[in-house]
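Student: I would like to learn how to read a few features of a protein model. Please take them one at a time.

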Amino acid sequence: NGLTIVDIGDPSAPAFAGSYDTEGYANDVAVSGNYAYIAEEENGLLIVDIGDPSAPAFAGSYDTDGYAFGVAIAGNYACVADDWNGLLIVDITDPSAPALAGGYNTTGHPDDVAVAGKYAYIADYDKGLVVVDISDPSAPALAGSYDTNGNTIDVALAGNHAYVADYGNGLVIVDITDPSAPAFAGSYSTGDAFAVAATDNYAYVADDWNGLMILDITDPSAPALAGSYSTGDAFAVVVADNYAYLAEGENGLAIVNIINPSAPTPAGSYDTEGYAVGVAVAGNYAYLAEGDNGL
């Protein structure tokens with residue numbers, strides 16, 4: 001369905017705000033300012049003007065030539081995880097005319113990317129966690145890597161650790177104090193983890209079979225289950241204030257109250273009628289990447 005925008009001003013009653021039907025398959029979305037940046041699989045990077053959430057409009061696009069699965073924003077650049085080409089850095093200074101700035105081929109199959117400081121952390125399905133120095137966007141260079149020995153799908157950053165959703169192995173925690181030498185810190189087997197969000201004390205894992213799993217990561221070397229909430233197929237998770245927002249496949253958007261991590265409770269839901277696989281939150285709106293239906 002592309003991009004679906006949901007008003008979450010009242011989390012107990014989320015409501016449709018607007019949508020934008022993309023031409024391809026929307027896999028991931030990041031929001032910065034008045035724009036939503038969508039990883040649109042075979043079509044690459046799509047930029048949508050969301051200044052008016054009720055009437056999102058095309059702003060620009062960049063065809064990555066491969067399959068774009070993940071996107072993160074770093075200042076005037078969009079970092080795209082491209083299944084064929086690795087990490088692509090796109091200059092978005094002018095959203096109407098995005099242009100390639102540089103790239104780094106991981107030689108694997110990137111699924112997601114997160115950025116902190118001058119480094120991009122790539123969840124590569126085959127290679128694990130790949131760290132790339134993007135201080136010079138025109139010449140990104142390998143800084144370090146850590147092989148999770150599984151199928152790495154998603155990554156979130158908190159403090160000096162990268163939290164990796166590893167399909168088959170669950171949550172893998174990697175110490176990135178030294179980006180040139182990332183090292184194993186701890187792990188917790190959730191089942192088939194698709195996505196992860198992290199705060200200082202908790203990691204929130206969207207698991208294919210178990211829904212939302214909340215892990216206490218106060219001690220990253222010994223993560224422990226704090227609580228869980230059973231949903232349908234959970235493919236992506238974002239945490240904002242006291243709520244977790246889940247892209248729940250055919251069920252759309254699920255909102256879970258996590259003020260008490262040991263006893264998460266349902267707060268609200270919105271059926272997008274498509275297949276939600278990615279979610280981002282900005283202010284009072286949730287933006288869903290919804291497969292064939294777009295945004």
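Tutor: Strands here are DSSP runs of at least two residues, numbered from the N terminus. With that convention, aspartate 241 is placed in the loop between strand E23 (236–240) and strand E24 (243–247). Keep in mind that this is a predicted model.

Student: Is aspartate 241 buried or exposed?

Tutor: Exposed means over 50% relative accessible area, and buried means under 20%. Aspartate 241 has a relative accessible area of 73%, so it is exposed.

Student: How many bridges join E23 to E24, and how do the two strands run?

Tutor: Two strands pair if DSSP finds at least two bridges between them. E23 and E24 are joined by five bridges and run antiparallel. Within this pair, valine 238 is opposite tyrosine 245 of E24.

Student: Where else does an aspartate have a positive phi?

Tutor: Aspartate 65 has a phi near 75 degrees, again a positive value in a residue other than glycine. Its place is the loop between strand E6 (57–62) and strand E7 (68–74). With a relative accessible area of 58%, aspartate 65 is exposed.

Student: Now the start of the chain. Why is strand E1 described as largely enclosed?

Tutor: In a regular strand the side chains alternate between the two faces of the sheet. Strand E1 covers residues 3–7, and four of the five are buried, so the rest of the structure largely encloses it.

Student: Which residues stand opposite valine 6 in E2 and E28?

Tutor: Phenylalanine 16 stands opposite valine 6 in E2, and alanine 286 is the bridge partner of valine 6 in E28. Five bridges join E1 to E2, with the strands antiparallel. Five bridges also join E1 to strand E28 (residues 285–289), again antiparallel.

Student: How many salt bridges are counted?

Tutor: Side chains of opposite charge can pair when their charged atoms come close. The count is one salt bridge. Aspartate 133 and lysine 118 form it through their side chains, at 4.0 Å from N to O. Aspartate 133 lies in strand E13 (residues 128–133) and lysine 118 in the loop between strand E11 (110–116) and strand E12 (119–124), so the pair ties together parts 15 residues apart in sequence. Lysine 118 has 42% relative accessibility and therefore counts as partly exposed.

Student: Which residues form the negative surface patch?

Tutor: Asp and Glu count as negative, and like charges are joined into a patch within 9 Å. The patch here consists of Asp21, Glu23, Glu42 and Asp292. One of these, glutamate 23, lies in the loop between strand E2 (15–20) and strand E3 (28–32). Its relative accessibility is 80%, so glutamate 23 counts as exposed.

Student: Last, how far apart are tryptophan 84 and glycine 108 in sequence and in space?

Tutor: Tryptophan 84 and glycine 108 are 24 residues apart in sequence and 7.8 Å apart in space, C-alpha to C-alpha. Tryptophan 84 sits in the loop between strand E8 (77–82) and strand E9 (86–91). Its relative accessible area is 51%, so tryptophan 84 is exposed.

Methods: Residues are numbered from 1 along each chain as its sequence is written. This is a predicted model: local features need pLDDT of at least 70, side-chain atom pairs count only at pLDDT 80 or more; totals for chains, interfaces and linings use all residues. Side-chain values use heavy atoms; hydrogens and water are left out. Patches are made of residues with over 30% relative accessible area and no salt bridge: like charges are joined within 9 Å, nonpolar side chains (Val, Leu, Ile, Met, Phe, Trp, Tyr) within 5 Å. Accessible areas come from the Shrake-Rupley method with a 1.4 Å probe; for residues, only the protein chains shown count as cover. The place of a charge is taken as NZ of Lys, CZ of Arg, CG of Asp or CD of Glu. Buried means under 20% relative accessible area, exposed over 50%, partly exposed in between (1.4 Å probe, protein chains only).
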